[in-house]
Amino acid sequence: MSTDYASLTGEYTFDTAHSTVGFIARHAMVTKVRGGFNEFEGTIHIDGASPDKSSAEASVTVASVDTRNEQRNGHLLSGDFFEQDKYPVMSFKSTGVSAKGDDQFVLHGDLTVKDVTKPIDFEVEFLGTTVDPYGNTRIGFEAKTTVSRKEFGMTWNAALETGGVLVSDKIQIELEISAIKQS
């Protein structure tokens, strides 16, 4: 599908009730564990005339981590991983956008976790736009990337008797974003 991005120009805020910020880690080298964050916010600026000038910013409350297991959540909040008492927020700020094809983009930016900032690229798919029953213009995106948790100071692990480690270094980040036009 080819989209008329000029008609989408404007400022948008995440609709957190209809969006997700999730992650996937390998556990014990044999399975994936999924989790997410329940408290986050973000904004998107779309420049329809020059999509490469569009931008996005987001922040996540680390204490809102949810893996559906209280013990694991507590471990993730500890000094072994997020150290949430010292670093309560993670953030992302875009530095550029590149078109990859119809409705496909790469969102370049800086991810900050535990006061460590690293450049990352999200593979983004624009899912469409609509006007909801309340008259709000909505846009939808999916975005994915993979990061090394060690690069953000999260090096804890445990060796397995059969070889390998308990938690993968590579963490997949997956976003499903619904955003509402503000102006």
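Author: Let us begin with a definition: helices (H or I, at least four residues) and strands (E, at least two) are DSSP runs, numbered from the N terminus. This is a predicted model, in which local features need pLDDT of at least 70, side-chain atom pairs count only at pLDDT 80 or more, and totals for chains, interfaces and linings use all residues. Residues are numbered from 1 along each chain as its sequence is written, and side-chain values use heavy atoms, with hydrogens and water left out.

Reader: Which residues does UniProt list for the domain?

Author: UniProt positions are given in the numbering used here, feature names are shortened, and annotations may be inferred rather than shown by experiment. An unreviewed UniProt entry lists residues 11–180 as "domain: Lipid/polyisoprenoid-binding YceI-like". That span is 59% strand and 5% helix, and its end C-alpha atoms lie 8 Å apart.

Reader: In which sense do strand 9 and strand 10 pair?

Author: Two strands pair if DSSP finds at least two bridges between them. Strand 9 (residues 116–131) and strand 10 (residues 137–148) are antiparallel, with eight bridges; Val131 has Thr137 as its bridge partner. Five residues separate the strands in this hairpin, where Gly135 has a positive phi near 85°. Strand 10 also pairs with strand 11 (residues 167–181) in the antiparallel sense, over 11 bridges, and Thr146 is bridged to Gln172 there.

Reader: Where do residues other than glycine take a positive phi?

Author: Most residues other than glycine have a negative phi. Met29 has a positive phi near 70° and is found in the loop between strand 2 and strand 3. Asp115 has a positive phi of about 60°, in the loop between strand 8 (104–113) and strand 9.

Reader: Is Met29 buried or exposed?

Author: Buried means under 20% relative accessible area, exposed over 50%, and partly exposed in between (1.4 Å probe, protein chains only). Met29 is exposed at 51%, and Asp115 is exposed at 66%.

Reader: Which residues lie nearest the centre of the second largest pocket?

Author: A pocket is an open set of points on a 1 Å grid over the protein atoms alone, where a 1.4 Å probe fits, with protein on both sides within 12 Å along at least five of seven lines; lining residues have an atom within 4 Å of a point. Of the 17 lining residues, Thr20, Val21, Gly22, Phe23 and Gly35 lie nearest the centre. Strand 2 (20–27), strand 3 (31–37), strand 10 and strand 11 each give two or more residues to this lining, and strand 2 gives the largest share, five residues.
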